[in-house]
Amino acid sequence: MKYNTIGVLLTAVLGTAVIALPESVQADWSGDIEGGTVIQGDGQGSLVRFKMSNSERPLNQQFYADWVRGSGGSNSYKVGYEPQYWLTDQIYAFGDASLRTAKVEDIDQQTNLLAGLGIQLLNTATTSLYAEAGAGQTSTKFRTAGALDQDVDSTVARFGASQVLTDFFWLELDGDYSKSDEVKRTTGEAGISFGVSGGGAIKYTYRVRSTDVAGQEAIETTDSFVSFNYGF
């Protein structure tokens, strides 16, 4: 593997999570379930997303599972685990391990391993802003017979921000950039949520993705989500 430090850092973060597991079991966990419609061009599909997390320091953890069913009956799944270990009040080490499958992209199985450092730039009752940088590896197995499986090393930078506008409205912004020897990928998301009684929220998200393969014209796609989110 090109980035040997990835395995060291990821092992350290995951190892810390395992060591701290008895304590984290007693931590306050919260859940979040989201369901709605995905709109991409003239087609639309269904989205179901589930998340469990705790925010007690020094170790934060998040488990998540996504399911998207396309208009043509195609299914995409993704499950993942994201631990964070806080080194100071603002700086943390993070890991990100996920597994996904996407028939519409001809992907039978794709695993992602990522590790790096993050910084919490703002964290108030109404505003949050963070930035992360790391490195990782993506291994992809394709469904088509004869297609070449891939193991790709990459560097990653991403950020996230949220702003509470009123008691009922809040904004979220997320950006993600990854670069390997042959491919650059950029993703940007903007979402607005409207809180409703009972602890739920109606959310609209707009996403732009760009894929730039060496020697080819960049491919850009846009989609949007309208969903209902309920926390527990």
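These legends describe close-up views of a predicted model of one protein chain.

**Figure 1. The whole chain and its elements.** The protein chain contains 2 helices and 12 strands. Read from the N terminus, the order of elements is α-α-β-β-β-β-β-β-β-β-β-β-β-β. Of the 232 residues in the protein chain, 31% are buried. The accessible surface of the chain is about 13500 Å², and carbon and sulfur atoms account for 57% of it. Among contacts between residues at least 6 apart in sequence, 45% connect residues at least 24 apart.

**Figure 2. Confidence along the chain.** The mean pLDDT of the protein chain is 85, and 85% of its residues reach 70 or more. Where is confidence lowest, and where is it highest? The lowest mean, 51, belongs to helix H1 (residues 4-19), while strand S9 (residues 169-179) has the highest, at 95. Over residues 1-6, pLDDT stays under 50. For residues 1-6 the model has 14 contacts beyond four places in sequence.

**Figure 3. The ring pair of Phe63 and Tyr81.** A pair of aromatic rings is described by how far apart the centres are and by the angle of the planes. The structure holds 6 aromatic pairs. One of them is formed by Phe63 and Tyr81, and this pair is stacked, with 4.7 Å from centre to centre and 25 degrees between the planes. Phe63 belongs to strand S3 (residues 59-69) and Tyr81 to strand S4 (residues 75-86), so the pair ties together parts that are 18 residues apart in sequence. Are the two partners buried or exposed? Phe63 has a relative accessible area of 38% and is partly exposed. Tyr81 counts as buried, because its relative accessibility is 15% and the cut-off for buried is under 20%. Ring pairs also bring in Trp29, which forms a cluster with Phe63 and Tyr81.

**Figure 4. A charge over a ring at Trp86.** Which residue places its charged end over the ring of Trp86? Arg57 does, and its charged end sits 3.5 Å from the centre of that ring. Trp86 is also among the residues that Gln120 touches, as shown in the next view.

**Figure 5. The surroundings of Gln120.** Gln120 is placed in strand S6 (residues 107-123). With a relative accessible area of 13%, Gln120 is buried. Leaving aside residues up to four places away in sequence, Gln120 touches Trp86, Gln90, Tyr92, Ser128, Leu129 and Tyr130. With Ser128, the side chain of Gln120 makes a polar contact, side chain to side chain, at 3.3 Å.

Conventions. Residues numbered from 1 in each chain as written. Predicted model: local features only at pLDDT ≥ 70, side-chain atom pairs only at ≥ 80, totals over all residues. Heavy atoms only, no water. pLDDT = per-residue confidence, 0-100. Helix = DSSP H or I, 4+ residues; strand = E, 2+ residues; numbered from the N terminus. Contact = heavy atoms within 4.5 Å. Phe/Tyr/Trp six-rings, centres within 6.5 Å; stacked < 30°, edge-to-face > 60°. Buried < 20%, exposed > 50% of the residue type's maximum accessible area, 1.4 Å probe, protein only. Lys NZ or Arg CZ within 6 Å of the ring centre and 35° of its normal. Areas by Shrake-Rupley, 256 points an atom, 1.4 Å probe, with all protein chains shown as cover. Polar contact = N/O pair within 3.5 Å; in protein donor to acceptor, adjacent residues only side chain to side chain.
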